[in-house]
Amino acid sequence: MSLEDEFYDIIKKARMGQGLAVADVARTTGLPAGDVTVLERGGRLPTQSEVRAIAAALHLRAEPLAQIALDGWGPAPTPSSVSCVETVLGDIGGYAVKGYVLHDGEEAIFIDTAYNADAMLEVLERRHLRLTAVCLTHGHVDHAGGLDVILQHHRVSVYFGEADKPLLGWRPPRELLAPPEDGRLIAVGGLSVRCMTTPGHTPGGICYRVEQGGHDLCFVGDTLFAGSIGRANPFSLYPIHLESVRRRVLRLPERAALFPGHGPATTVNEELAHNPFAAEL
């Protein structure tokens, strides 16, 4: 699976998150503003020297950025031993999105909806599972759309960051809302899911961590993508977003598998080595 973000996505997110204009980047790098604009639009590949100049201007790691831009880096496949997770694919206007069914024994929870409630529900039926909760990583429609359909079939608790309520197009009944306080545990069969507050992509962003049979897993929504991060919404959250990525997600065990809302799964170890946003410069 190809990466969610390419070079031009990464540099635009970093520039806008820092409140910089194209002219600011041009001035710092010495590159013509027209060239910066072309690179941000994906009009051509950058040169090695352009990657390094732009990385320095945007406080990104140059070598990982060059690996993505010029070397075609992608994460190694997630270990097949992660048998407690089924990925559900959806799309919104042709934009691909992922939801996940975490299951153990006869119980399951949904992490996001994949904007594809029918496919999420089909997993329950096919595997003969009982849904016990829906865990939303954030309130954007591609991750929460279809929640009303799911709750029509299964009246279960919905874990959802309070600060993201204004983002929801449809809100579940108040009595079903369960606050995902940092460190709160959610049981799924014999598994425990730990809530991790990770604001940045949205004000109320949540990741969900599982420790299962020696394998660490974390459902990261749009907090992190393989080789990138989600866009800070609003841009003023960019510094907080970086803290969530660097101080929370990438402090998990290095072999922990990370399941994002878009693009391929990855691991903490891969991101420490290959994500341009991963370390403070």
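In this predicted model, helix α9 (residues 238-248) has the buried residues Tyr238, His241, Leu242, Ser244, Val245 and Arg246. These buried residues of α9 pack against α1 (7-17). An α-helix has 3.6 residues a turn, so residues three or four places apart point the same way. Tyr238, His241, Leu242 and Val245 are among the buried residues of α9.

The crossing of α2 and α4 is right-handed. On the α2 side the contact is made by Val25, Thr28 and Thr29, which meet Ala53, Ile54, Ala57 and Leu58 of α4. Sorted by class, this contact of α2 with α4 holds 5 nonpolar and 2 polar residues, with no charged residues.

The strands form an open sheet of 6, in the order β1-β2-β3-β4-β5-β6, and the pairing is mixed. At the edges lie β1 (85-92) and β6 (177-178), each of which pairs on one side only. Strands β2 (residues 95-104) and β3 (residues 107-111) run antiparallel and are joined by 5 bridges. Val101 stands opposite Phe110 in β3.

Helix α6 (residues 117-127) packs on this sheet, where it touches β1, β2, β3 and β4 (130-135). The direction of α6 makes about 155° with that of β1.

The two angles are listed below.

| Pair | Angle |
|---|---|
| α6 and β1 | directions make about 155° |

Terms used. Residues numbered from 1 in each chain as written. Predicted model: local features only at pLDDT ≥ 70, side-chain atom pairs only at ≥ 80, totals over all residues. Heavy atoms only, no water. Left-handed = near helix turned anticlockwise from the far one by under 90°. Helix = DSSP H or I, 4+ residues; strand = E, 2+ residues; numbered from the N terminus. Contact = heavy atoms within 4.5 Å. Nonpolar A, V, L, I, M, F, W, Y, C, P; charged D, E, K, R; others polar. Pairing = 2+ DSSP bridges. Axes fitted to C-alpha atoms, helices over the stretch in contact; angles between N-to-C directions. Buried < 20%, exposed > 50% of the residue type's maximum accessible area, 1.4 Å probe, protein only.
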